[in-house]
Amino acid sequence: TDYDGDALTYEWKVTAPGTPARVFRTPSPVVTFDKPAVYTATLTVTDAKGLKNSQTLRIVAGNEPPVVTLALDG
């Protein structure tokens, strides 16, 4: 949300060591991680006046099976 009501543009840049960066220009892209790695996703939001802000998220993708914990209350 832009408090001035300006239109916003979005750029997601997803990187991992040894792989080319992938760039998405939608607010909520769907990204598939095909290989186990530690990825960095950086979102940069820019308003119509050129002001921008960025935030980074670390994503760990792997092939480990999920761990299920079941608690039964008697």
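Modeller: What follows goes through the sheet, some single residues and the pockets.

Modeller: This is a predicted model, so local features need pLDDT of at least 70 and side-chain atom pairs count only at pLDDT 80 or more, while totals for chains, interfaces and linings use all residues. Residues are numbered from 1 along each chain as its sequence is written, and side-chain values use heavy atoms, with hydrogens and water left out.

Colleague: Fine. What makes S1 and S2 a pair of strands?

Modeller: Strands are DSSP runs of E with at least two residues, numbered from the N terminus. Two of them pair if DSSP finds at least two bridges between them. Strand S1 covers residues 8–16 and strand S2 covers residues 19–24, and four bridges join them. Therefore they count as paired, and they run antiparallel. Trp12 has Phe24 as its bridge partner in S2, and Lys13 stands opposite Val23 in S2.

Colleague: What sits in the hairpin of S1 and S2?

Modeller: There are two residues between the strands, and Gly18 takes a positive phi near 80 degrees in that hairpin.

Colleague: How do you know that S1 and S3 pair too?

Modeller: By the bridge rule again: eight bridges link S1 and S3, in the antiparallel sense. Glu11 stands opposite Thr44 in S3, and Thr15 is opposite Thr40 in S3.

Colleague: Why are S2 and S4 called edge strands?

Modeller: The open sheet has four strands in the order S2-S1-S3-S4, with antiparallel pairing. S2 and S4 each have a single partner strand, so one side of each is left without a neighbour in the sheet. Neighbouring strands are turned by 20 degrees against each other on average, direction ignored; the angle is taken between lines fitted to C-alpha atoms, with N-to-C directions on a scale from 0 to 180 degrees.

Colleague: Now single residues. Why is Ala41 called buried?

Modeller: Buried means under 20% relative accessible area, exposed means over 50%, and partly exposed is in between (1.4 Å probe, protein chains only). Ala41, in strand S3, has a relative accessible area of 4%, so it is buried. Leaving aside neighbours within four places in sequence, Ala41 is in contact (heavy atoms within 4.5 Å) with Trp12, Lys13, Val14, Gln55, Thr56, Leu57 and Ile59. Ala41 and Thr56 are 15 residues apart in sequence, and their C-alpha atoms are 5.6 Å apart.

Colleague: Asp6 is charged; is it counted as buried or exposed?

Modeller: Buried, because its relative accessibility is 18%. Asp6 is in the segment before S1 and touches Asp47, Ala48 and Lys49, not counting residues up to four places away in sequence.

Colleague: And what makes Phe33 partly exposed?

Modeller: Phe33 has a relative accessible area of 26%, so it gets the in-between label. Phe33 is found in the loop between S2 and S3. Its contacts, again leaving aside neighbours within four places in sequence, are Val14, Arg22, Tyr39, Ile59 and Ala61.

Colleague: How do you know which residues line the largest pocket?

Modeller: On a 1 Å grid over the protein atoms alone, a pocket is an open set of points where a 1.4 Å probe fits, with protein on both sides within 12 Å along at least five of seven lines, and lining residues have an atom within 4 Å of a point. The lining includes Thr1, Asp2, Leu8, Leu43 and Gln55. Strand S3 (37–47) and strand S4 (52–61) each supply at least two of the lining residues. The volume is about 220 Å³, meaning the space filled by probe spheres set on the points.

Colleague: What about the second largest pocket?

Modeller: Its lining includes Val14, Arg22, Lys35 and Tyr39. S1 and S2 are the elements that give two or more residues to that lining. The space in this pocket is about 150 Å³.
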